[in-house]
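Dear colleague,

Please find below the structure I wished to hand over to you. My notes on it follow.

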Amino acid sequence: MLGASCDVWYDFDWLAVIGHNQPKFAGCTDLTDAISRFAQQRRKEPILLLTDKSEVAFSEIVTRDKYIAVVRAEDFLRHATESDRSALFFLNIISASGAISSTGSSPLALDRIVARVDDDQTRISLKTLVSGIWHKLSAVSDRKALHDLIRTEKFLPDDVMDVAVLRSRQDSIVELRKMVHRNAVEQQFQQWFLGNPWVFGTDCVRILDDRRIDVENVADCLTASFDGHLDIIELKRPGSKFWSKNRDHDNLVPHADLVKAITQAVNYQYQLELQMDNVSTVERLGGHPIAKPRSWLVHGRSNGWDPSEFRAQRLLNGSYASIQVLTYDQVIARAARFVSDHS
């Protein structure tokens, strides 16, 4: 595509919709540049999919390695000839939805889009664009296969994708429970959290593929927070001990395993902050700024705890300004509550 900075796919008769047979269209450069910058900052391959099969002005499909911006050609071409130029058309909408998630736009994100769009013609009912293909997309890694899938699927303005996302998250919770039950190794939990950053809510928008802080320190997960800064997730096994058997003046005392884990998390925070002015490190980590990084430490289990143990954990977390310690049972409970609230 002439002037395009990413692949452009379409699912309609080009001459009938665009008005000519040339491999270009008004505003192509601006729009694809905006999409490419947005996707590449998140380490995903950018793709623009133009469609005429929906009333939706904009939607997105996010797979493990691709970000596909789905734009209704008619709406885009109208904006490309007005004062609201094509790049602004895209950026105004995408900025309203915030950073992309691991599964695409949620109903809440779409509500924010509607609230932020000023143009009455664009203020339409924005619904999920793709019907029933989210699971297929998430499993497709071959570029041609993904292309063929999108070209052959029927696009419908319904909420099927939202249901698929919720079902996928329910399946992820079941998988996590099984992993906790068998006391899986840390590497398996790293992979699970990499695919499910939503369990930390807005505190974790995305988990980076790169875990290296420097040549000597490698965190379990480096995350981009809602404000764009880097934070840390440190993972220990569910079988790790949380409380010591011995009490001090009848007070619960953190087990040596937990003390070591907290010390390690604090050290990672310190080492990461030392990199805040290292341009090469910041660029390697996606350009995310570094300032007072925080840590989530997932350690041990709390099934069978009595109220005094939960209270002691609350006091422990209250003593740290930048570390929160959760058990795997609490992560599962958070995830289940999130899914319940959005179903």
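**Strand β4 and its partners**

Lys66 in β4 is the bridge partner of Glu45. The model is predicted, so to speak of its limits: local features need pLDDT of at least 70, side-chain atom pairs count only at pLDDT 80 or more, and totals for chains, interfaces and linings use all residues. Residues are numbered from 1 along each chain as its sequence is written, and side-chain values use heavy atoms, without hydrogens and water.

Strand β2 (residues 45–51) pairs with β4 in the parallel sense over seven bridges; strands pair if DSSP finds at least two bridges between them. Strand β3 (residues 58–62) runs antiparallel to β4, joined by five bridges, and the two form a hairpin with three residues between them. Helices (H or I, at least four residues) and strands (E, at least two) are DSSP runs, numbered from the N terminus.

Seven of the seven residues of β4 (residues 66–72) are buried, that is, under 20% relative accessible area, whereas exposed means over 50% and partly exposed in between (1.4 Å probe, protein chains only).

**Helix α9 and the cores**

In α9 (residues 186–195), Phe189, Gln190, Trp192 and Phe193 are buried. These fall within an arc of 165 degrees seen down the axis, so they line one face of the helix; the arc is that of the directions from the helix axis to the C-beta atoms. Gln187 and Gln191, on the other side, are exposed.

The largest nonpolar core has 25 residues, with Phe189, Phe193, Val199, Phe200 and Leu235 making the most contacts inside it. Such a core is a set of buried Ala, Val, Leu, Ile, Met, Phe, Trp, Tyr and Cys residues joined through side-chain atoms within 4.5 Å.

Kind regards
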